[in-house]
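Visitor: I would like to learn how to read helix packing and overall shape. Could you take me through it step by step?

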Amino acid sequence: MGVNMKQVVNSYLKKNRETIYQVGDELFKNPELGFKEEKTGQIICGYLDRLGISYKKHVSVHGVICTLGNGNGYHIGVTADMDALLTGRDGVKMPFHSCGHSIQVAVLLNLISAFHKSRVLEQLPGRVSFLFTPAEEFIDIEERKRMKEKGIIKFYSGKQNMIYEGIFDEVDIVLSCHVMGPDEANPNARFDINSTLSGFILKEAVFKGQAAHAGVIPHLGKNALQAATLSLTALQMLKDTFAPEAGARVYPILKEGGRTPNIICDYAVLETYIRANKEKDLIKINGQLNDAFRYCALALGTTCEINDSNGYLPLNQSKEINEVIYRNMLAICNEKEIIHNVVSGASGDIGDLSFLMPAIQFGFSGISGIVHSAQFEIIDKNHVYINTAIVLAGTILDILSDETLQIKKENFKAKKEFYLKHWLKVEA
Ligand SMILES: [Zn+2]
Ligand SMILES: [Zn+2]
């Protein structure tokens, strides 16, 4: 293949520069929370309409999918998150693209435009689906609970809903990219590859005791706050048993701990995320905490009810795909400008996909300020919108034109059944 094909596609990606900068600006200026990405969906559909490309919209509320290429051959999925975050500015929290998801959307639109206009996919077996996926950030949970009750969504994340609906069943592998924060140790880094994303479980532990007058008959009370604080102490001790490579992070808050000091506290609530780099560690640590909380409650004659909401699974990066990504990064920069294996405590719903099929997510630089902060700013448009698209386009062309790079998913059906039953906790 195809250095030639790559050159053709890259020239379209670059020619589209001004248009894509504008679309990127428009998306950035229209931040919407997860499952509320109506305007974002309209911008995507409007762009595809102008190109004359057909698509499917209202996927998992506001998601959009379009497929290019031909036949039933190898099928590459490329995802872009659509949602923004509530971000603090002058004490007020407003939707803001502080995680850079607007960039991912613009990168995919640039890719679609270049593949469509260059018609290179017509010369290759296989196809590419571009999946604009809503609600990646695990936030706004109260609102999502309401949407769930109304039957608008089934799960809190866009990709989880799409997996459930079978949208990824026919996809062989998934590619994705995400902005990386400026790295003090590597100020010249342009990309990161093979970084981790933690998995997480959101845990609520409700301690119930017996109220009693704290002055007259405290000995007849059963103190739920003490059960919660004993549990916190147990957790601190348990942390000695978390292996460093597990990347465990557990920092609870006390949401309820009594209202009136003249009553022995009969109701206390702890809430925490549990994060770890591998599913097995995540599940093990979660079990350790459940035991500790329950037995600490029992020790003081109280009860502890545990409500776990599974968040996202850890990202399991495909080595084979990352080798192709890496070669394509080298078309943009040199080896020293690519950082490898960054250990991150962040999470993403790409982790769930990576449990089911080969998937990757690489990072690109080009912003200033901290990710998830109000100081987030896009400073290198050429890099975020054009270079990132060049890496993805090159990877897609390499894989579609070389069968040895077309890795297959293994045991997908069994994995999906397991995932639905034990992670999303629904019947398949
Ligand atoms: Zn984020
Ligand atoms: Zn993000």
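Guide: Gladly. Axes are lines fitted to C-alpha atoms, for helices over the stretch in contact, and angles run from 0 to 180 degrees between N-to-C directions. Helices (H or I, at least four residues) and strands (E, at least two) are DSSP runs, numbered from the N terminus. This is a predicted model, where local features need pLDDT of at least 70, side-chain atom pairs count only at pLDDT 80 or more, and totals for chains, interfaces and linings use all residues. Residues are numbered from 1 along each chain as its sequence is written, while chains are lettered from A and ligands numbered from 1 in the order in which they are written.

Visitor: At what angle do α2 and α4 pack?

Guide: Helix α2 (residues 17-28) packs on helix α4 (residues 101-118) at about 150 degrees, and their axes are 9 Å apart.

Visitor: Which residues make the contact?

Guide: Two residues are in contact if their C-beta atoms, placed from the backbone, lie within 7 Å. Here α2 contributes Ile20, Val23, Gly24, Leu27 and Phe28, and α4 contributes Ser102, Ile103, Val105, Ala106, Leu109 and Asn110.

Visitor: How much secondary structure does the protein chain have, and what are its spans?

Guide: The protein chain has 12 helices and 17 strands. Its C-alpha trace spans about 85 × 45 × 45 Å along the principal axes. Among its contacts with a separation of 6 or more, 78% join residues 24 or more positions apart.
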